[in-house]
Amino acid sequence: MDMDLDKIQRLLEIVADSGMAEVKVEEGDFKLTVRATARPEAAPASAPVMMAAPPAMPAPPPAAPLAPPAPPAAAPPAEPGQGEGESLVLAPIVGTFYEAPSPDSDPFIKVGDRVEVGQTLCIIEAMKLMNEIQAEEAGTVTQILARNAEPVEYDQPLFVVEK
């Protein structure tokens, strides 16, 4: 194997952090495909899968997609935050949602709180990194759609903010 395990681990981290669905790498005779797939609720929301073709074998022919992502039309028509003057705060990454900086701290925000641009709304933990999610618009929080310490997906609605 030409590619060392440190390089493979780093590639897995990059794919997980970036939210990419698939990456293919060829280095000499070594071929590696990394795909992010959904996991059961008890495990992290996505995990990379490694597949390496032996150097002597040609790459398998492309297969039909296993499970295409749900089309945008599959979203419920009465999605919160679609009302006039409301906006959704979406998860920018896949990870675990935390409403407070630590388990014994008060939440960053509560329903009814007024938020300003740049104010921290929550933390999403991804790959053991704590990412502060900040308000991009000022307004009043009318709904908190995510639950503390539960996984969130990319673009999942987290909050409804009334402008």
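Buried here means under 20% relative accessible area. I wrote that down before opening the model, which is a predicted one.

**Entry 1: the whole chain**

I began with the overall make-up and found 1 helix and 11 strands. I then looked up how much of the chain is covered: of its 163 residues, 25% count as buried. The exposed surface comes to about 10,900 Å², and carbon and sulfur atoms supply 55% of that. I also checked contacts with a separation of 6 or more, and 52% of them join residues 24 or more positions apart.

**Entry 2: serine 87**

Serine 87 sits in strand β4, which covers residues 86-90. Is serine 87 buried or exposed? Its relative accessible area is 13%, so with the cut-off at under 20% it counts as buried. I wondered which side chain it meets in a polar contact. The partner is glutamate 137, at 2.9 Å.

**Entry 3: the rest of β4**

I went on to sort the strand by face. Ser87 and Val89 make up the covered face of β4, while Glu86, Leu88 and Leu90 make up the uncovered one. A reminder to myself: in a regular strand the side chains alternate between the two faces of the sheet.

**Entry 4: the neighbour of β4**

Last, I looked for a strand that pairs with β4. I found β11, residues 157-162, running antiparallel to β4 with 5 bridges between them. Across this pairing, glutamate 86 stands opposite glutamate 162 of β11.

Notes: Residues numbered from 1 in each chain as written. Predicted model: local features only at pLDDT ≥ 70, side-chain atom pairs only at ≥ 80, totals over all residues. Heavy atoms only, no water. Helix = DSSP H or I, 4+ residues; strand = E, 2+ residues; numbered from the N terminus. Buried < 20%, exposed > 50% of the residue type's maximum accessible area, 1.4 Å probe, protein only. Contact = heavy atoms within 4.5 Å. Areas by Shrake-Rupley, 256 points an atom, 1.4 Å probe, with all protein chains shown as cover. Polar contact = N/O pair within 3.5 Å; in protein donor to acceptor, adjacent residues only side chain to side chain. Pairing = 2+ DSSP bridges.
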